Amino acid sequence: MSDTRPFSIHALEVGPMENFVYLIHDHKSGRAAVVDPAWDVPAVLALARRQGMQITDILLTHSHHDHINGIDAVLQHTDARLHLLKAEAQFWGQNLARPTLHHGGDEIRLGDTTIRVLHTPGHTPGSACYQVNNELITGDTLFVFGCGRCDLAGGDPEQMFVTLKDMAEQLPAETRIFPGHNYASKPTTTMEEQIEGNPFMHFDSVDRFVRYRMHYHDSHRDAPYGPICKGDEMPD
Ligand SMILES: [Fe+2]
């Protein structure tokens, strides 16, 4: 089947924490947005060069070190514009050079490609997901069969519960998920598969979700994460 979309998404796994860096490539203009540049910027630049892309934008899903430690190196080689949510910039408190600050629902134009910014708090106050057609880059909000931890500074498990519920209800089932880390038995998934097999999607009660996220999960489950059936009993 030929790919008629105006864009493609390239993934690079980098660094000691299995981070994914993504390049959104707008075919016609040759422009690219790099999402969460970190760890191995030479590999990112080499991929861009091989594919004839010019990096014009940097998108951040959030401000944690393992997602942002390549920003300066990208800016040394390009004139890319830096994008993040205003809520994350305020949480981070860094003095960023010329950032473009967004709110949930904003759209970023990359040639013929439109990238929609979703505000998905929980892992951090200003965590973002980036939606391009039916593809969604989720950072540390949604992993394949997992979700980001909520016990670090700025984390909020009650917000994460609402965020994941909203995503399950509002995103098309066929939405393809590109997470911020390779923590699972496979690197990518669909929203439908996550609603079925992601234990964090199985809670109706916020209190039980919070207990599972904050106290139960990390001592009872190891990466690489696999599916947990919706009918399986979950801890109280
Ligand atoms: Fe993170």
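**Entry 1: the hairpin**

I started with strand 9 and strand 10, which form a hairpin with 2 residues between them; N133 in the turn has a positive phi of about 50°. Strands here are DSSP runs of E with at least two residues, and helices are runs of H or I with at least four residues, both numbered from the N terminus.

A note to myself on the source: this is a predicted model, where local features need pLDDT of at least 70 and side-chain atom pairs count only at pLDDT 80 or more, while totals for chains, interfaces and linings use all residues. Residues are numbered from 1 along each chain as its sequence is written, and side-chain values use heavy atoms, with hydrogens and water left out.

**Entry 2: neighbours of strand 9**

I then checked the pairing, which requires that DSSP finds at least two bridges between two strands. Strand 9 pairs with strand 10 (residues 135–139) in the antiparallel sense over 3 bridges. Strand 8 (residues 113–119) is also antiparallel to strand 9, joined to it by 4 bridges. I picked out Y130 in strand 9: V117 stands opposite Y130, and Y130 also stands opposite I137 in strand 10.

Next I asked myself which residues of strand 9 point which way. A128, Y130 and V132 point one way, C129 and Q131 point the other way, and all are buried. Buried means under 20% relative accessible area, exposed means over 50%, and partly exposed is in between (1.4 Å probe, protein chains only). Because 5 of the 5 residues of strand 9 (residues 128–132) are buried, the strand is largely enclosed by the rest of the structure.

**Entry 3: aromatic rings**

I moved on to the rings and found 9 aromatic pairs in the structure. Rings of Phe, Tyr and Trp (its six-membered ring) pair if their centres lie within 6.5 Å; planes under 30 degrees apart count as stacked, over 60 as edge-to-face and the rest as tilted.

One of the pairs is F203 with Y212, which is tilted, at 5.1 Å centre to centre and 45° between the planes. F203 is buried at 3% relative accessible area, and Y212 is buried too, at 3%.

Y212 also pairs with Y216, and this pair is stacked: 5.6 Å centre to centre, 25° between the planes. Y212 and Y216 are separated by about one helical turn because they are 4 residues apart in helix 7 (residues 206–220). Y216 is partly exposed, at 31% relative accessibility.

Finally, I noted that F161, F200, F203, F209, Y212 and Y216 form one aromatic cluster.
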